[in-house]
Amino acid sequence: MKSLSETVVAAPAAPLRRGRKIPSFNALIGGTLIALLILLALMGTVWTPYDPLKLDLMHRFNPPSWAHWLGTDEFGRDVLSRIIIGAKTSMWISLLTVTFAITAGTLIGLVAGYMRGWTDRLLMMVNDAMLAFPGILLALGLLAIVGASQYGIVLALGIAYTPAVVRVVRSTVLSLREREFIEASRVIGNSELYTMLKHIAPNCVTPLIVLATSMFGWAILSESALSFLGLGVPPPAATWGNMLASSRPYLATATWLGFFPGLFIALALIGINLFGDALRDRLDPRMSQ
Amino acid sequence: MMGTMTALLSVRNLSVQVGIEGPLAVDDLSFDMAPGEIVALVGESGSGKTMAARAVIGLLPPPMRVVSGQLRLGDVELIDLDSERLRQIRGAQIGMVFQEPMVSLNPTLTIGEQMAEGLRLHTDLNEQSIREKSLTMLQRIGIQDAERCLGAYPHEFSGGMRQRIMLASVMLLRPALLIADEPTTALDTLAQADVIGLMLELTREQGTAVLFISHDLSLVVRHADKVVVMRHGKAVEQGATRQILLGPKADYTRQLLDALPSRGELAPPTGQKPLVDIRNVTIEHPGRQHFLRRSPPKRAVDDVSLQIAAGETVALVGGSGSGKTTLGRSVVGLVKPCAGQILFEGVDILKAGNREHRLQCQMIFQDPMSSLDPRARIAEILVEPLRHVPGLSSQDREQRVKTVLKDIGLGEQFASRLPHQLSGGQRQRVAIGRALVRHPKLVIADEPISALDMTIQKQILELFERLQAQYGFACLFISHDLAAVERIAHRVAVMEHGKLVEVGSTAQVFDHPQHPFTRRLLSAANPLQRLADGSYQLRNTVTAQITQHP
């Protein structure tokens with residue numbers, strides 16, 4: 001008897017993946033980008049090169065120069081200052097929107113997937129009806145009700161994005177439900193709620209991170225689309241989205257007006273996607289050590 | 001002797017490497033196959049047997065590559081061939097049957113379409129004769145309504161049927177060599193015997209040689225002319241089946257042979273009064289919901305009564321779909337019977353109020369890959385059941401987990417590991433530990449070893465026996481593996497179509513089966529048995545007895 005247990009202990013465990021002590025390339029680049037943008041946003045609260053709202057009609061459409069690094073816009077406002085100020089608004093709106101959609105969507109998806117039956121059918125009916133609307137249209141309708149403001153946008157976009165999250169979470173839960181460790185948890189005597197929170201929710205994290213990072217991008221772009229339609233953060237306040245939107249008529253003559261806000265949106269998205277990938281690898285027990 | 005014959009397939013010093021600097025998956029493997037010969041590649045998962053076979057047909061998955069060696073099929077050197085020529089040989093001269101019938105047929109194409117594919121590619125037959133040929137083949141393999149079958153989709157057939165169809169479509173091209181990669185591992189005992197029988201019949205008719213890959217030694221030795229035993233990519237031993245069986249040279253072969261179960265000497269159960277009394281239990285799965293209408297419910301368990309005494313092991317055997325798993329799940333409360341009672345120490349555990357008693361019954365699941373939460377550490381998994389034991393301090397819990405870890409043969413260093421870092425056998429040990437940590441009086445073991453390699457199966461069975469002696473639990477052992485059942489069960493209950501058709505002591509059921517279904521089950525199993533004098537015997541097929549003449 002003793003020899004048996006000894007041989008087993010001596011048997012080599014499944015090979016461990018090589019420890020990843022150095023953060024991955026993705027984490028490094030993504031993390032740096034995000035950190036820089038956050039710093040930029042924080043800096044904007046105390047100092048900008050110029051007053052981002054100050055009109056200077058003598059210097060309209062100035063191309064990038066030593067005085068105005070990123071040029072000036074159609075009212076002579078400094079583009080760099082506006083981008084710095086806009087960083088805070090744009091990123092804050094996206095972050096809140098994503099958080100809202102993920103939280104609400106996860107809750108609804110968990111309940112629908114785990115309860116099944118009538119609960120599921122009812123929730124999914126509403127959900128699919130919402131999915132049938134284009135997200136931006138839904139947001140427009142909601143904004144018309146709550147009124148255009150920063151938090152109105154968050155609420156409208158958040159609700160518009162929730163159905164996609166519900167779909168992802170529900171399908172993950174449905175496949176998890178069939179796994180034997182969920183049954184094992186029930187046999188042990190765990191309650192449904194405990195099983196749901198302890199065993200099902202954590203295993204939904206991987207697909208959620210992938211979704212959240214891409215949703216962050218949608219949110220920035222949707223905010224700009226709403227601004228373009230006049231329902232975004234109202235001017236003269238600057239967001240990357242409304243800067244991009246208002247640059248459209250001058251795209252041929254003053255390229256920098258559209259280029260720089262676009263560049264910052266792209267940088268933010270790249271940073272968040274890379275960081276999201278790294279985070280997913282980190283949180284997945286099969287990938288990290 | 002073999003060398004002088006013209007070999008059909010000759011493998012010389014074959015080595016397959018993972019990537020450029022990876023380990024060798026197949027290491028210097030050589031063997032010959034004569035036309036019409038059945039050669040078995042036997043080994044555990046990871047022994048390289050599948051990779052060796054895939055190298056032959058030129059279908060190594062990407063990181064794998066042949067680094068050296070020769071593969072001759074007749075006069076053709078397969079390794080030198082370009083992909084165009086290799087494609088002409090694949091299918092036409094070398095056919096392959098895969099392990100998983102559920103996924104090896106394309107679900108969106110009809111059976112007729114899939115059978116015609118190979119013929120269109122490798123022959124000049126017109127559509128009419130292709131259809132006729134397919135029809136004849138389907139009739140040949142015993143499909144009643146062959147005409148309808150041609151237009152049917154794979155999901156309309158059971159796993160065993162699909163594997164028959166797969167086999168038929170491969171053999172339609174009359175290949176000289178058939179590679180069968182664990183063709184029956186995913187099937188239950190009856191379907192297994194059926195598919196193997198068909199495979200042997202068809203290949204014998206057409207004079208096709210078979211390269212039979214399997215981890216199941218007792219299955220292989222019944223049919224193969226020659227056995228190649230592989231381990232860690234190397235052939236540790238090869239020779240005629242008889243020679244391997246009676247005079248194994250390599251230690252590893254001996255280990256495999258030792259892993260063949262034999263009837264165990266069991267201590268009699270401790271209790272006399274039934275611990276669990278299953279009374280007239282009927283379980284129905286609700287029918288599918290159609291628009292405004294439900295199809296009639298499917299009866300999975302039909303009026304079953306069974307008693308289990310304290311400390312007793314009762315084996316529940318039957319084919320897949322016989323309701324044995326459903327019955328087991330009902331005892332732990334995972335499915336609700338629609339009629340009948342389940343009494344545990346005289347208390348009806350189906351009633352919600354009797355949770356305390358129900359928690360005395362625990363379950364071990366079949367698939368160790370999916371029965372552990374991939375995000376929980378081993379210690380967390382083992383401590384979880386103790387949440388429901390009142391009055392335990394955190395030290396007590398830690399102590400209990402440590403004890404269990406030791407009892408299941410894993411050291412304390414495993415406590416902080418995650419399931420994916422463990423092998424299948426180790427995971428199953430954890431699953432057993434989780435079931436036992438609360439010291440239940442009854443354990444339902446649902447096919448606990450069928451997903452494991454042979455030598456691991458033996459270890460787990462031994463562990464199970466030892467733990468049963470130590471913890472004294474009664475057990476309902478659900479299995480289709482009769483060899484394992486014979487080893488550890490006091491009594492055997494046989495189920496067919498939801499009904500209990502025979503119950504009796506292990507010796508009684510195995511030696512004097514009463515019900516025709518039990519007899520079929522027993523003859524379909526591969527009860528290769530090691531006798532006391534070191535020889536082997538195939539039970540119920542006395543004609544095939546192999547004995548040693550010193």
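**Chain B: questions and answers**

Visitor: What makes up the contacts in chain B with a separation of 6 or more?

Guide: Residues 24 or more positions apart account for 68% of them; two residues are in contact if their C-beta atoms, placed from the backbone, lie within 7 Å. This is a predicted model, in which local features need pLDDT of at least 70 and side-chain atom pairs count only at pLDDT 80 or more, while totals for chains, interfaces and linings use all residues. Residues are numbered from 1 along each chain as its sequence is written, and chains are lettered from A and ligands numbered from 1 in the order in which they are written.

Visitor: Why does the radius of gyration of chain B agree with that of a compact globule?

Guide: The rule, 2.2 Å times the number of residues to the power 0.38, is set against a radius taken over C-alpha atoms. For 550 residues a compact globule would have a value near 24 Å, and chain B has 25 Å, so the two agree.

Visitor: What share of chain B counts as buried?

Guide: Of its 550 residues, 48% do, a residue being buried if 20 or more other C-beta atoms, placed from the backbone, lie within 10 Å of its own.

Visitor: What makes S9(B) and S10(B) a pair?

Guide: Pairing requires that DSSP find at least two bridges between two strands (E runs of at least two residues). Six bridges join S9 (residues 226-231) of chain B to S10 (residues 234-240) of chain B, so these antiparallel strands pair. B:Met230 has B:Ala235 in S10(B) as its bridge partner.

Terms used. A residue is buried if 20 or more other C-beta atoms lie within 10 Å of its own, exposed if 12 or fewer, and partly exposed in between; C-beta atoms are placed from the backbone. Helices (H or I, at least four residues) and strands (E, at least two) are DSSP runs, numbered from the N terminus.
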